[in-house]
Amino acid sequence: MLKEEKRDKKIKIFAASAFLNDLGADMISPIWPLFVTTVLKAPMSVLGFLDGLGESLVAFSQVISGFLSDKLRRRKIFIWLGYLGPVIGRIGYSISTTWQHLVPFRIFDRIGKMRDAPRDAMVAEAVKRERRGVSFGILEAMDSLGAVTGVVVSVLFFKFLGFRKLLFLAAIPSLISVFLIFFFIKESNDSKIYPGFRIGKLSKNLKLFFASSSIFSLGAFSYSFLLIFASNFGFAITFVPILYLIFTLVNSLFAWPFGRLADKYGRKTVSILSFLFWGLVSLGFLLSQNYWFIIFYFVLYGLHRAAWKPIQKTFVSELAPWGWRASTLGAFQMMLGLTALPASFIAGLLWDVFGPFAPFYFSLSLTVVAIILLILVQENNKEQT
């Protein structure tokens, strides 16, 4: 019983830290594309580059922290340092005067994601298989609830604070997360020897899942394009943060239920469903630009994120071999990041050269291929020890 209480406490601390960090992050997210393109006068291709760069940095930071976390058998230091990076990055955004200044602070902000692979490995190790999907669902729900709260703060205070003061204020919640992890998370004593990480030893199913996810990620461009698309088709700039609020609220409400569904009906079923949601988003933007339809597409986008983000971590952690959990989670995030940079950059180029519909045609095609590959993946139903 005491062991279960310690595990529950650990999940609660991680959930609180996730909430606070995303509160700060999503005070920024609704105004980020407008800050880059209107305040700092950057073109869409630069916005795509910055967003893609951010996702790629996320990937590299996670694979390195995941590898070191497994090798050293230490998780905590990478987690609290990961919450410190965004503090520096967000303060830096607030003092930037050209888009070039954003690059180093984007690095600090996004390498903060080094926390995720060690944290996710710690969560996977702390709970049994039958509760793993819902545990990751809880973390995603708190991420999204923090995002919803952050968007509400952004909407309410943006008019009074403006871009720069709001960017500075967004650093405070992440600073609180640093202290929560540092003082309240206990490192487990694991004497098992790290066996070394080798890509060639990964299972066929894990490689198929990597392939499917990378192809999907190559077409799944940043949410910034959805917001800019909406602003170009009749939505006032002041309403754009509301659209962001819609999909983050849906994400928050449905992440936990999708985690439960994954525990009951399987990881693959929910993963395919998440790809279908994104495909419907892409198809919807191509077929109709009606005001109410666009709002509905943001609901579908929220469902996609709720079904995909927590389940992919659960799926990978269970397909990973013993001792390589954080390394495999980090490698998976690196793979997503390596595709995220060209994904958003290609989407930006397609937009600039062929118009705003071109990225959606490209994305829809890759989504179909990704679903076909995902169908071939077989789940691992055995508990790791």
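A charge is taken to sit over a ring if NZ of Lys or CZ of Arg is within 6 Å of the ring centre and within 35 degrees of the ring normal. In this predicted model, local features need pLDDT of at least 70 and side-chain atom pairs count only at pLDDT 80 or more, while totals for chains, interfaces and linings use all residues. Residues are numbered from 1 along each chain as its sequence is written, and side-chain values use heavy atoms, with hydrogens and water left out.

Arginine 115 has its charged end over the ring of tyrosine 83, 4.7 Å from the centre. Arginine 106, for its part, lies over the face of tryptophan 32, 4.5 Å from the ring centre.

Then there are the rings themselves. Rings of Phe, Tyr and Trp (its six-membered ring) pair if their centres lie within 6.5 Å; planes under 30 degrees apart are stacked, over 60 edge-to-face and the rest tilted. That rule gives 31 aromatic pairs. One of them joins phenylalanine 247 and tyrosine 301, edge-to-face, with 4.8 Å centre to centre and 70° between the planes. Phenylalanine 247 belongs to helix H11 (residues 240-265) and tyrosine 301 to helix H13 (residues 291-319), so this pair ties together parts 54 residues apart in sequence; helices here are DSSP runs (H or I, at least four residues), numbered from the N terminus.

As for burial (buried is under 20% relative accessible area, exposed over 50%, partly exposed in between; 1.4 Å probe, protein chains only), phenylalanine 247 is buried at 0%, and tyrosine 301 is buried at 5%.

Terms used
Helices (H or I, at least four residues) and strands (E, at least two) are DSSP runs, numbered from the N terminus.
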